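Please find below a colleague's note on the structure. It is arranged as numbered points for reading alongside the model.

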Amino acid sequence: MANYQISLLPGDGIGPEVAEATRRVLDATGVGFDWEVCAAGLDAFEATGELLPEATLDSIRRNGIGLKGPITTPIGTGFRSVNVALRQELDLYANLRPGKTITGVQSTFEDIDLVIVRENTEDTYAGVEFDTGTPEVAAVLAAINANGKKQVPLDAAITIKMITPEGSRRIVKYAFEYARANGRKKVTAVHKANIMKFTDGLFLHIAQEVAKDYPDIEFDDRIVDNMCMQLMQKPELYDVLVMPNLYGDIVSDLVAGMVGGLGVAPGGNIGANAAVFEPIHGSAPTHAGKNVANPVAMLLSGALMLRHLNEQDAAERVEGAVAEVIAKGEQVTYDLRADRDQSKAAGTSEMADAIIAAL
Ligand code: NAD
């Protein structure tokens, strides 16, 4: 079979080190890859004056699949985050965030196996905002107040919460398709439709409609605050959770915290024509270039990519090898050691070697 063509964005900070570890492990699975290495982030900015060069976007558009390391967002330069720009430019509407317990990783909860599907493009994140005291907000408030239903104070700032039928339909469909393809049993729609009757009400209504097309998958819904409490008390009752952008942002971090946090939390951003897989952690600049960063989150993002490519067997081997090395607790980076002793810890590349040996 022909090799998969993958756009590899190593990113900056610890990105190049965890990306190299991931590339070596994925190559060792025997699944064939041709890696097209693409610039993005601070190094790209120094070379081309752009944080996200057009050539990088073209590569992902052409290959349809990207694997990305973290990228620093420069503060105070007026640049928008490369991560947000990628999602918008490629319309990557689904944010996939699995949270699975790995034996040997310190966490308060046991046996967690959840998948959060977060809508990535709508809600209060669509960027429709009006600052307090501006002529723009005055015009919007005048229109709202003229409606006569409710009077909004004239010094208010406004963020629009925007939920569309099509945006809701495609994210809920994605959650059900993911459940089906990955042997999952249940999808739960998370919302606050009791308060936001029109926006979240629409999301819930569409979710109920889409669920009818998937009689093989159980469906229910939860109000977001209750969902958070239930995740703390009875996480075993849940499987795939689908929700609008803001709740997804918060609940996916909650679940990442339940399984051990940043160092082991993978993610994917998926659209109709392209998908980009990346760890949720940032570029950790203080660790850059020292061969100390934990490669697991990026490696598990690579396993998610394998699942997306329908290489389930290779994905399970990578996840199994990662779990085995962590459970042994010898060839692991400092953050995975109970004593966090750097002098006794393995480096990024040594941990990757141990994972390759365990494949
Ligand atoms: P961060 O995730 O880089 O770091 C938070 C903490 O976790 C630090 O103590 C760091 O040392 C540690 N850490 C993170 N990943 C680690 C790993 N793989 N191994 C060991 N330790 C690890 O978050 P931050 O400090 O808030 O952000 C740093 C930069 O990264 C910022 O410019 C931010 O905008 C950017 N960022 C990028 C992404 C992305 O590219 N998707 C995501 C989040 C933050």
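This is a predicted model: local features need pLDDT of at least 70, side-chain atom pairs count only at pLDDT 80 or more; totals for chains, interfaces and linings use all residues.

1. The ligand is surrounded by 19 residues. The closest of these are Ile 71, Thr 73, Gly 282, Ala 284 and Asn 294. By class, the shell around the ligand divides into 9 nonpolar, 8 polar and 2 charged residues.

2. A polar side-chain atom of Asn 83 lies 3.1 Å from a ligand oxygen atom, and a polar side-chain atom of Glu 278 lies 3.3 Å from a ligand nitrogen atom. At Ala 284, a backbone N or O atom lies 2.8 Å from an oxygen atom of the ligand. The ligand taken alone exposes 820 Å², of which the protein buries 66%.

3. Helix H8 spans residues 224-233 and helix H9 spans residues 245-258. Their axes come within 11 Å and cross at roughly 5 degrees; H8 and H9 are therefore roughly parallel to each other.

4. Which residues of H8 and H9 meet? Val 224, Cys 228, Leu 231 and Met 232 in H8 meet Tyr 247, Val 251, Leu 254, Val 255 and Met 258 in H9. The residues of this contact divide into 9 nonpolar, no polar and no charged.

Terms used:
Residues are numbered from 1 along each chain as its sequence is written. Side-chain values use heavy atoms; hydrogens and water are left out. A residue is near a molecule or strand if one of its heavy atoms lies within 4 Å of it. A polar contact is a pair of N or O atoms within 3.5 Å; within protein, one must be able to donate a hydrogen and the other to accept it, and residues adjacent in sequence count only if both atoms are side-chain atoms. Accessible areas come from the Shrake-Rupley method with a 1.4 Å probe; for residues, only the protein chains shown count as cover. Ala, Val, Leu, Ile, Met, Phe, Trp, Tyr, Cys and Pro count as nonpolar, Asp, Glu, Lys and Arg as charged, and the others, Gly among them, as polar. Axes are lines fitted to C-alpha atoms, for helices over the stretch in contact, and angles run from 0 to 180 degrees between N-to-C directions. Helices (H or I, at least four residues) and strands (E, at least two) are DSSP runs, numbered from the N terminus. Angles under 35 degrees count as roughly parallel, over 145 as roughly antiparallel, 65 to 115 as roughly perpendicular and the rest as oblique. Contact means heavy atoms within 4.5 Å.
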